[in-house]
Structures are given as structure tokens and as C-alpha cells.
Amino acid sequence: MHPGFCALPLIALALPMAAAAQEATLDQLGWLTGCWTTIGAEAGSGEQWTSAAGGTLLGMSRTVRGGKTAAYEFMRITVSPDGKFVFHAQPSGKPAESLVAVKQSASEVVFENLQHDFPQRVIYRNVPPDKLDASIEGLRNGVMRSIPFPMTRASCGAPSKESGK
């Protein structure tokens, strides 16, 4: 048998393992998964993140003001071919933007894209046992700005105040 043919079954076996390794990397952000309510904001404001599956974490956010959705965002975290986390965000129907992780630890991930208008940085920090400090920052009109989004873990199945009407 030709030596190249022996490698074919090994490659076929390695493909599922490579996908599992990628998911294991995303599992490092497991502290992000679940439902989060924004502290000090109107009911319904917050984020929800799925667990890692298929090479992605999926998220969505909503900001409620005056009883109406004022902003929303669809988010996705993937792993680039070079092994870095990539945050893809599509806020309020605008075109999607991507930011690459420049810092990652067991309790923090910092995504950055200095070519983006604002924000250039998206930061998530896990504050055990049940807090999430998110923020966006960067230059806006030549001035450095930072907007915090402090959150606390919430029940995903909790009825909203609207459902009681």
C-alpha cells in the first residue's frame, strides 16, 4: 500500500477532533452564556448568549427605553483560523462589523478593531458569582469614550412585565 493512502483515514478522523478542539476553545467563554439583565436599565434590557455549538456562540441584546426597544444587536463569537476569538456584531440592522480578541483570560475577553468608527473595543468581564461587566470604548469625534453595561445574571425563562398585561 502507498504511504499516502494510510494518512487518509487519519485525516478523516482528525477533522471531527479539530472541530471539537475549536468548540473547546469557545467553551473558555462559557461564563458568558445565559441571560443577563442590565443593571439600572428598563425591564427587558440585557443580553442573552447561547452555549458553544457548531463553532459559534450566538448572542443578542436589547435596550428598552420608555417601554419601547430603542436598540438591539445580533452577535456571534467564532474562532479564526489562527485561533483567535472574533466578535461579529450587527447593531440595530446596520452592517455587521468584526473585532478580534486582543486579550483573553479565564474571566475577561477584549475585542478590538481600530479601523471601526465606534466602538473600537468591546470588553466582557466575568465578576463571580453573578455579574457581567460589559463595555464599549474608543474614539468618537477625537474624544476617548467608554460606555459601561453592568449586568447581572437573570433567569432566561422569567416572564417579562409585558406578559403580565
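**Exercise 1.** In β7, which residue is the bridge partner of Ala-101?

*Solution.* Before we start: this is a predicted model, where local features need pLDDT of at least 70, side-chain atom pairs count only at pLDDT 80 or more, and totals for chains, interfaces and linings use all residues. Residues are numbered from 1 along each chain as its sequence is written, and side-chain values use heavy atoms, with hydrogens and water left out.

Step one: find the strands (DSSP runs of E, at least two residues, numbered from the N terminus). Strand β7 covers residues 108-112 and pairs with β6 in the antiparallel sense over 4 bridges; two strands pair if DSSP finds at least two bridges between them.

Step two: read off the partner of Ala-101, which is Phe-111 in β7. The hairpin joining β6 to β7 goes through 3 residues.

**Exercise 2.** Which residues lie nearest the centre of the largest pocket?

*Solution.* First, the term: on a 1 Å grid over the protein atoms alone, a pocket is an open set of points where a 1.4 Å probe fits, with protein on both sides within 12 Å along at least five of seven lines; lining residues have an atom within 4 Å of a point.

Next, the lining has 38 residues, and Ala-71, Glu-73, Pro-91, Ile-136 and Phe-149 lie nearest the centre. Finally, β10 gives the largest share of that lining, 5 residues.
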